[in-house]
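Subject: Structure for you to look through

Dear colleague,

I am handing over the structure below, and I would be glad if you kept it open while you read the notes that follow it.

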Amino acid sequence: MSWTGNSKIFKTYVPGDGKKPAPGITTKGKDHIATFDEAAKSDSFGAIMQDGYIDISFDDPEMSERFLEMAEANEWRCLVLENPDNKHIHTYWKNEQGGIKKLSSKDQKLAVGLIADIHGGATYIPLRVHGVDRFPPDYDILEGEDYQEVPEELLPVNTQINLWKQDQGGRNNGVSGMAVLLSHDKSKRFSKEQILRILNNTNNFVFLNPLSASELKTILRDETFAGITETPKLNTLNGVELSQMDIKLVEFVIEGLIPVGLSLLASPPKYGKSWLCLDMSLSVAYGRDFLGFKTNKSDVLYLSLEDRFDRLKQRAAQILDGESLPSSLVLGIDSATLDNGFIEQLEEFLTAHPKTKLIIIDTFVKVRGEAKRNESAYGVDSREAGVIKKFADSHGVAVVLVTHTRKGIDPDDPFVNITGTYGVAGAADDMIVLTKQKRSDDVTKMSVTGRDVSYEEFALTFDKDHGKWMRRSDSFNDFMARTEIEMKRAGYLIGNTRKTIFKLLEDNGGVWSGFCKAIIEKARNMERR
């Protein structure tokens with residue numbers, strides 16, 4: 001399929017005169033707006049960039065080739081157009097965060113050691129010059145991706161250090177000098193990790209021959225980065241200031257269980273979490289106790305993203321035992337993901353339903369997006385859970401995020417078994433985990449902990465007839481101990497030992513004395529009959 005322009009990067013196309021706009025054409029304002037097809041009728045034509053994008057161009061064919069190798073190795077998301085006459089390239093990036101503030105048509109040294117011209121604003125970008133096309137792209141993003149902000153490697157730096165095509169004799173001084181320069185650059189505040197990545201790219205793609213890994217590690221030792229950051233000042237209050245501070249108490253939607261903020265609810269699959277969530281939703285919507293905990297009545301949004309409306313209706317009827325559903329409970333069975341508007345959907349919902357204080361997302365996996373390039377599993381978990389927590393905190397609502405647990409990594413700590421990395425648990429204010437020793441057990445342990453909730457373990461049982469979880473005790477261990485005693489007592493009441501003693505009393509006129517051996521022998525005789 002032929003290339004027909006790029007509406008993300010270019011806002012309009014204009015007829016040209018060689019490498020310049022046609023006479024009378026201005027690249028500013030909204031004059032002479034044309035589509036790609038209209039402009040392409042000319043022998044020469046070009047494009048005008050959108051606001052927030054820049055053009056970083058390399059006027060050296062070898063440097064252009066090295067850049068392309070670097071871009072592919074780092075999986076950078078940019079557009080690259082080549083001038084077929086001289087093999088020079090133009091690369092296009094987002095610059096919405098203002099990483100590059102100074103634009104110049106003169107050579108600028110970049111942090112990685114390449115040399116480039118940087119254009120932005122209303123710059124005319126030649127796409128065809130006297131019948132010679134500079135498209136289709138040599139390099140572009142994949143379908144569904146978006147262009148990225150300018151990487152730190154391509155930020156301009158003010159230096160006399162020359163890194164391009166350095167070989168023996170210049171590489172060591174170049175790397176160490178650039179490391180010191182970048183670590184002291186207060187305008188950009190490069191992190192140590194960024195500097196190490198930049199100079200690894202320098203070594204691999206800018207030097208004529210790269211240093212060995214051990215040589216590079218020796219040069220980039222910790223001492224090199226001694227001045228990388230200034231020590232931040234401590235944020236402190238003295239005792240009087242703290243005592244006079246007006247601190248708002250933690251707000252609970254369910255007292256002692258679900259505070260405003262982000263809560264996790266986890267268990268293995270098919271444990272009845274969705275029954276628990278629906279009952280929680282109904283309890284808060286009606287202002288009724290939930291598992292023996294007091295609720296603060298409010299509107300509720302329950303996103304049951306693995307369910308159907310007919311099943312929700314049937315389950316709600318079972319829980320309510322004929323009572324009607326409240327209008328203050330809103331239910332949904334689908335949503336966007338965090339990549340394409342989920343938070344915006346929640347914000348729009350709160351605008352329309354401002355009395356909502358509880359949002360249940362069942363389950364987390366249904367709203368998760370895609371990992372970014374080179375993003376670790378921990379980074380993904382922390383970012384996505386952090387986005388939801390930020391939403392909850394900023395709007396003063398409680399969000400319950402439902403997820404699963406893995407098979408016991410640590411049988412003594414149920415919270416360690418929550419699916420994912422510590423990035424998810426680290427973002428949560430409160431965690432609730434359901435566990436059983438065996439799936440067939442009638443009693444479920446509900447473990448609760450959090451920043452504003454004390455660690456507790458409760459015994460729960462599920463009433464299948466009414467579709468409700470019931471809290472049986474304030475202490476799981478006490479309940480299990482009492483249950484064990486009751487089971488032993490029941491076993492004794494129906495057991496053979498008790499029957500044997502009563503038989504001995506009956507046979508001896510209500511009085512009998514003897515040894516245990518006699519009871520055992522009598523019991524055996526009774527069993528033989």
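This is a predicted model: local features need pLDDT of at least 70, side-chain atom pairs count only at pLDDT 80 or more; totals for chains, interfaces and linings use all residues.

Let me begin with one helix, where helices (H or I, at least four residues) and strands (E, at least two) are DSSP runs, numbered from the N terminus. Residues are numbered from 1 along each chain as its sequence is written, and side-chain values use heavy atoms, with hydrogens and water left out.

The buried residues of H8 are Leu312, Arg315, Ala316, Ile319 and Leu320, where buried means under 20% relative accessible area, exposed over 50%, and partly exposed in between (1.4 Å probe, protein chains only). They lie on the same side of H8, because they cover an arc of only 125° around the axis, the arc being that of the directions from the helix axis to the C-beta atoms. Among the elements that cover these buried residues are helix H7 (273–286), strand S14 (299–304), strand S15 (329–332) and strand S21 (468–473). After H8 comes Asp321, which has a positive phi near 55°.

The next region is built around strand S16 (residues 356–362), in which 6 of the 7 residues are buried. S16 runs parallel to S14, and 6 bridges join the two, with strands taken as paired if DSSP finds at least two bridges between them; Val300 has Leu358 of S16 as its bridge partner. S16 also pairs in the parallel sense with strand S17 (residues 398–404), over 5 bridges, and here Ile361 has Leu401 of S17 as its partner.

Together with helix H10 (residues 377–395), S16 and S17 make a right-handed β-α-β unit, right-handed meaning that, with the strands pointing away from the viewer, the path from the first strand over the helix to the second runs clockwise. The buried residues of H10 are Val380, Asp381, Glu384, Ala385, Ile388, Lys389, Phe391 and Ala392. These fall within an arc of 155° when seen down the axis of H10, so they line one face of the helix, whereas the face turned away from that buried side carries the exposed residues Lys390 and Ser394.

The largest has 43 residues, of which Ile56, Phe58, Phe67, Trp93 and Leu114 touch the most other members. Another core, of 38 residues, lies apart from it and includes Phe252, Ile258, Tyr302 and Val402.

Leaving aside its neighbours within four places in sequence, His119 is in contact (heavy atoms within 4.5 Å) with Met49, Ile54, Asp55, Ser57, Leu103 and Ser105.

With best wishes

Key. A nonpolar core is a set of buried Ala, Val, Leu, Ile, Met, Phe, Trp, Tyr and Cys residues joined through side-chain atoms within 4.5 Å.
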